[in-house]
Amino acid sequence: MDRFNPKHHKNPHAHVIHQPGRRLMKGVPLRFVWNKVSGHGARSPNAGLNLVSFIDFLIVTVIFLLMSFSASGEIAVDKNVKLPKAENVDDIIDAPMVAVNGNQILVDGALAGSTRAIEELGRLQKIDELFNLLKNKRELWKQVQPNKPFPGVCILQVDQNVPALVVKSVFQTAAFAGYPNVSFMVGKLPKSQ
Amino acid sequence: MGGVDVGDGGGKKRATNSDINMIPFIDLLMVTIAFLLITAVWVTNSRMNADAQVPGPPDPNKELTPQTPEKVLNLHIGESEFGLVWKQGATVVNEVKVNKSPVELGDASSKIIRYPELAKRIEEEWKTHGGHRDPSDKKVDQAILHTDNRTPFKEIVAVLDALYSPKREMRLPDGNKQVPVFNMTFSVR
């Protein structure tokens, strides 16, 4: 009966590290329980879980996510800009981003003018800070890639409530700075038909 | 667990059935899924083209020949109606008015305006007066948007959506593609 006693080790340090093995019902010092646990009885109480379907599911999920993965990452949209939505749209391209919200104009996060100032003036105008920033970006692009023709594309992220006067001023300034192909960023609506 | 069963070895030899530990494999799959889910881009934004119509510098080697101006669609956004005016130079070729009948989608907080009637009328107008229809023609017809300075941008986008709704086939190096029949620019006065 000694081997059924959980404290049967001769070695005083043996309790520190135990050999791996079955532990279930080990504290019960009864032979029929041990027989049952070790499988000498009827059916083994160890139930095997079939992992094949689980692994299949995981692999399918991984493949789906890898196929829809975009390495270019998320395009930063100014958190103060609420974009309008449209159906007939094109895919976004890599180009300088001009964000226009109710208060300010930003080029790739750098301040480039005030929306309020344009509204208060009440007429179409060239925005000097925006012009200089875009012009610098254009010159930098030309220095980096001297052999390629400059595409002249920039993307405007304009808040849906910004008045047309501001949009036209930014549009015209971008064109003056060498970006005649202006795109408006919009949310994509599903096709109605 | 996954394993390889090559049958009973027989005799007193070591068992030839070996189990592959699947736990690290499942862990790897779980971590990959977690990474892909975290880095996934769920919000998809798109763009609408416009063209500022800036003329390039004249080519000194090319002889200037007088060209007849192309027909251009002038789209006027009014208070209660839209004006579709085809002009060739300063000559008005055709003029129609379309009532402003907006279709509102979404709830009050995120209301979206659409002009399906305008889109239909623009398509009819292009079929009658449009100049660039052949698939091999790389140019598209030009539309000039005339709007009041106070018009909110969401209304401009709704009109642009209607303007870009008619499409035609264009032959491109990477195959035929459906492209909008118009390119838009603002009237700046």
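Start by selecting strand 10 (residues 167-172) and strand 11 (residues 175-180) of chain B: six bridges join the two, and they run antiparallel. Strands here are DSSP runs of E with at least two residues, helices are runs of H or I with at least four, and both are numbered from the N terminus. Two strands pair if DSSP finds at least two bridges between them. Now pick B:Lys167, whose bridge partner in strand 11 of chain B is B:Pro180. Follow the chain from strand 10 to strand 11 of chain B and you pass through a hairpin of two residues.

A word on what is on your screen: this is a predicted model, in which local features need pLDDT of at least 70, side-chain atom pairs count only at pLDDT 80 or more, and totals for chains, interfaces and linings use all residues. Residues are numbered from 1 along each chain as its sequence is written, while chains are lettered from A and ligands numbered from 1 in the order in which they are written.

Next, show the whole of chain B. You will find three helices and 12 strands. Of its 189 residues, 22% count as buried, meaning that 20 or more other C-beta atoms, placed from the backbone, lie within 10 Å of the residue's own.

Bring in chain A and look at where the chains meet. Chain B gives 37 residues to the contact and chain A gives 47; two residues are in contact if their C-beta atoms, placed from the backbone, lie within 7 Å. On the chain B side, helix 1 (23-39), strand 3 (45-51) and helix 3 (153-163) each give two or more residues. Strand 3 gives the most to this side, with seven residues. By class, the chain B side has 22 nonpolar, nine polar and six charged residues. Here Ala, Val, Leu, Ile, Met, Phe, Trp, Tyr, Cys and Pro count as nonpolar, Asp, Glu, Lys and Arg as charged, and the others, Gly among them, as polar.

Click on A:Asp90 to see B:Arg47 standing opposite.

For the last stop, select helix 2 (residues 52-67) of chain A with helix 1 of chain B. They pack at an angle of about 30°, with their axes 10 Å apart; axes are lines fitted to C-alpha atoms over the stretch in contact, and angles run from 0 to 180 degrees between N-to-C directions. Residues to display include A:Ile55, A:Leu58 and A:Leu65 from helix 2 of chain A, and B:Ile26, B:Leu29 and B:Ile33 from helix 1 of chain B. This helix contact has 11 nonpolar, two polar and no charged residues.

Terms used:
Buried ≥ 20, exposed ≤ 12 C-beta atoms within 10 Å, placed from the backbone.
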